[in-house]
Amino acid sequence: MFKQIIIVISLVFFAFNQLDIVSACRCDSDCEDCNECTLDTCSRGCCSNVEIDCSDGNPCTVDSCSKETGCVHNDINCDDGDACTTDSCSKLSGCCNLPIPCDDNDACTTDSCLNSTGCSNLPISCDDGNACTTDSCSKKTGCCNLSISCDDDNACTTDSCSKEIGCIHSNIDCDDGDACTTDSCSKKTGCCNLPISCDDNDACTTDSCLNSTGCSNLQISCDDNDACTTDSCSKKTGCVHSNLVCDDGNACTTDGCSKETGCTHSNIDCDDDDACTTDSCSKKTGCSNLPICCDDNDACTTDSCLNSTGCSNLQISCDDNDACTTDSCLKKTGCSNVPISCDDGNACTFDGCSKETGCTNSSIDCDDANACTTDSCSKKTGCSNLPMSCDDNDACTTDSCLNSTGCSNLPISCDDNDACTTDSCSSSTGCCNSPISCDDGNACTVDGCSKETGCCNTPISCDDGDLCTNDSCSEKSGCCHTPISCDDGEDCTTDTCSPKLGCIHTYFTIPNPQPIDC
């Protein structure tokens with residue numbers, strides 16, 4: 001009940017203050033409006049309250065007026081919100097924002113300036129992505145990438161270096177692929193391959209070692225490659241070889257034995273070294289040598305007999321020393337010299353004849369010195385120079401032909417200078433510029449794309465300009481404006497909220513009937 005009475009009294013007091021009570025004045029003091037921002041005067045019984053001019057003519061101040069204190073000259077804020085400038089103010093020209101230098105004279109840093117934080121001297125990365133180098137940086141010269149040594153002083157490893165993982169020490173393979181050795185490795189000297197022993201103490205075996213399978217004790221062959229012996233073997237003494245008998249009782253043969261084939265019964269040579277006799281042999285009496293006849297009844301030969309070669313029927317020469325005639329000989333009449341024809345029936349040759357060499361059929365030159373034609377020659381029609389096709393059936397190339405070099409199939413550029421597309425080329429259809437997706441799945445950003453830089457995801461502003469709400473953003477649902485609580489827990493105040501001022505706590509007051517003392 002008490003609280004309700006207080007509220008009623010407050011409302012009455014508020015209404016009383018709203019009344020505009022006008023009274024006549026006698027002096028300037030009667031016109032005092034308790035406002036230091038007005039010039040109060042009384043003229044002819046009427047008050048005049050004119051606002052005063054607080055301008056100080058200084059562009060570096062903001063001029064205003066306070067009812068309590070009068071003119072106020074506050075320094076203006078020349079801060080341009082850019083940490084990369086030095087901010088100052090001149091009474092003549094006003095604000096001045098000059099760029100600051102960020103060079104730290106260090107080759108190991110990247111010097112830049114961020115509007116939000118100012119100079120940035122970030123260390124550069126000298127990591128060359130190669131685990132085989134030691135990476136460092138000199139303030140004067142910048143990055144230095146020196147090769148590391150991977151030698152582990154072990155003769156049993158192969159030392160190498162991988163850009164991805166660094167030093168690699170791989171065990172060497174001492175297996176010499178030889179089953180006849182024992183394989184091992186010494187860190188000092190490396191691989192050692194010692195021979196194994198394969199002796200089985202048997203004179204009838206050949207003890208050996210095969211690189212692929214190891215020891216081999218193969219039965220030896222007692223074949224002495226002499227077909228004139230019978231071959232056998234004793235474990236203690238080895239091979240035994242006994243001789244064969246080869247007489248065939250024929251006067252026309254010489255009996256002997258060949259290591260390759262065994263017994264040989266070679267026909268005796270009844271050749272009397274006279275090619276002009278017929279030589280023969282009888283199994284009982286032996287050799288016979290009778291004279292031969294050499295006449296061949298051919299007018300184109302000269303007939304004779306030489307002891308060394310026998311009958312000689314030499315072709316006589318009908319050559320007239322003219323390669324442009326066909327020279328022949330008839331058995332009955334003798335030599336014949338008939339002119340030859342050199343026409344080869346080929347339009348691609350020049351036909352002629354030389355006494356020295358005969359027919360000449362020289363190929364004509366159909367080359368038109370144009371790399372864009374296919375040059376050929378037809379035996380019937382002669383030269384042909386047909387334009388060639390340079391079409392490679394690839395929509396991703398520009399096809400052309402130069403007379404000097406021939407076909408040219410240069411790749412086309414599918415770059416549309418748009419960072420918002422993926423550029424590619426299909427041999428069948430040509431260029432394809434597919435839009436990229438810039439959606440980052442975040443309701444708190446505005447997703448867009450710039451042709452110059454590509455995807456841009458700009459945070460949205462959730463400020464609703466209302467001081468009576470807490471503004472936030474959810475990646476799933478977006479902006480959220482939650483009303484704040486202005487309850488100060490005080491029974492003597494009225495708690496309200498102004499969108500521009502925020503929480504307001506007004507105390508309940510009882511009007512003072514006494515005059516206001518200014």
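Visitor: How far apart are the sulfur atoms of Cys-222 and Cys-239?
Guide: This is a predicted model. In the model, Cys-222 and Cys-239 form a disulfide. A disulfide is a pair of cysteine sulfur atoms within 2.5 Å. For Cys-222 and Cys-239 the sulfur atoms are apart by 2.0 Å.

Visitor: Which parts of the chain does the pair of Cys-222 and Cys-239 link, and how many residues apart are they?
Guide: Cys-222 is in the loop between β16 (214-219) and β17 (229-234). Cys-239 is in strand β18 (residues 238-243). The pair links distant parts of the chain, and the separation is 17 residues.

Visitor: Is Cys-222 buried or exposed?
Guide: Buried means under 20% relative accessible area. Cys-222 has a relative accessible area of 10%, so Cys-222 is buried.

Visitor: What is the handedness of the disulfide of Cys-294 and Cys-311?
Guide: A disulfide joins Cys-294 to Cys-311, with 1.8 Å from S to S. The torsion about their S-S bond is about -85 degrees, so this disulfide is left-handed.

Visitor: Which cysteine sulfur is nearest to Cys-456?
Guide: Cys-456 is partly exposed, with a relative accessible area of 38%. Cys-456 is in no disulfide, and the nearest cysteine sulfur is 8.6 Å away. That sulfur belongs to Cys-438.

Visitor: Which residues make the nonpolar surface patch of about 260 Å²?
Guide: One of them, Leu-39, lies in strand β1 (residues 38-43). Leu-39 is exposed, with a relative accessible area of 53%. The patch is made by Leu-39, Val-50 and Ile-52.

Definitions and conventions:
Residues are numbered from 1 along each chain as its sequence is written. This is a predicted model: local features need pLDDT of at least 70, side-chain atom pairs count only at pLDDT 80 or more; totals for chains, interfaces and linings use all residues. Side-chain values use heavy atoms; hydrogens and water are left out. Patches are made of residues with over 30% relative accessible area and no salt bridge: like charges are joined within 9 Å, nonpolar side chains (Val, Leu, Ile, Met, Phe, Trp, Tyr) within 5 Å. Accessible areas come from the Shrake-Rupley method with a 1.4 Å probe; for residues, only the protein chains shown count as cover. A salt bridge is a side-chain nitrogen of Lys or Arg within 4 Å of a carboxyl oxygen of Asp or Glu. Helices (H or I, at least four residues) and strands (E, at least two) are DSSP runs, numbered from the N terminus. Buried means under 20% relative accessible area, exposed over 50%, partly exposed in between (1.4 Å probe, protein chains only).
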